[in-house]
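Dear colleague,

Here is the structure I promised to pass on. Please look it over before reading my notes below it.

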Amino acid sequence: MQNRQQRDQRQPREPREPREPREDREELQERVIDIKRVAKVIKGGRRFAFRTVVVVGDGNGRVGIGIGKARAVPDSIRKGTDHARRQMRKVTLAGTTIPYPVTAEYGGAKVLLKPAAPGTGVIAGGGVRAVLEAVGVRDILTKSQGSANLLNVAMATLNALESLRSAEEIASMRGKPVNEVRPFWERRRPEVTTPKE
């Protein structure tokens, strides 16, 4: 009873300002790498569903891989995309390529990534290409050396990218000047001054 009286005594609210559309969904590239039909054996036979592997990246050093599973393909893609957005991680790049060669494994998949000169392009196939293009690498050489399973190849590529360290981090770990550990194409030559006669 008392609450009702207090409610009646309150002044009416001021009209709200119209809300701006939410800008938290930044521009991200989404790629569906793999769609597989999977089966669960139940009492009456088999129940089929779809497993989708999705890569999401901002093209500027952030990437995530998500797996979605549902009875319908669009639902599994949506789930995979949401999962990938939540799993996004930052990756160290050196301009349009990577700082140094790296190898990584995931399950039976093994992936080798090598830096390349500007203008080379992305020399990669399938899952590796999707992850590298989503993260924003433009010039790279790659080789998939193990299993051809697209999910494992994509995860191995992500592991390889995550293991990369910047020149500054490596220099501080080794106690060397940054210019010594930089990739050779980024090194600054010391200025040589010639004496004037």
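This is a predicted model: local features need pLDDT of at least 70, side-chain atom pairs count only at pLDDT 80 or more; totals for chains, interfaces and linings use all residues.

Residues are numbered from 1 along each chain as its sequence is written, and side-chain values use heavy atoms, with hydrogens and water left out.

The chain has six helices and eight strands (DSSP runs, H or I of at least four residues and E of at least two, numbered from the N terminus). Of its 197 residues, 35% are buried (under 20% relative accessible area, 1.4 Å probe, protein chains only).

Four strands form an open sheet in the order E1-E2-E3-E4, with antiparallel pairing (two strands pair if DSSP finds at least two bridges between them). Strand E1 (29-42) and strand E4 (89-90) are the edges, each pairing on one side only. Helix H4 (residues 150-162) packs on this sheet and touches E1, E2, E3 and E4 (contact means heavy atoms within 4.5 Å). E2 and strand E3 (residues 62-70) are joined over eight bridges in the antiparallel sense.

Arg51 lies in strand E2 (residues 45-57). Arg51 counts as buried because its relative accessibility is 16%. Its side chain makes a polar contact of 2.9 Å with that of Asp34 (N or O atoms within 3.5 Å, one able to donate a hydrogen and the other to accept it; residues adjacent in sequence count only if both atoms are side-chain atoms). Leaving out residues up to four places away in sequence, Arg51 touches several others, including Ile35, Ile67 and Leu151.

Regards

Terms used
Buried means under 20% relative accessible area, exposed over 50%, partly exposed in between (1.4 Å probe, protein chains only). Axes are lines fitted to C-alpha atoms, for helices over the stretch in contact, and angles run from 0 to 180 degrees between N-to-C directions.
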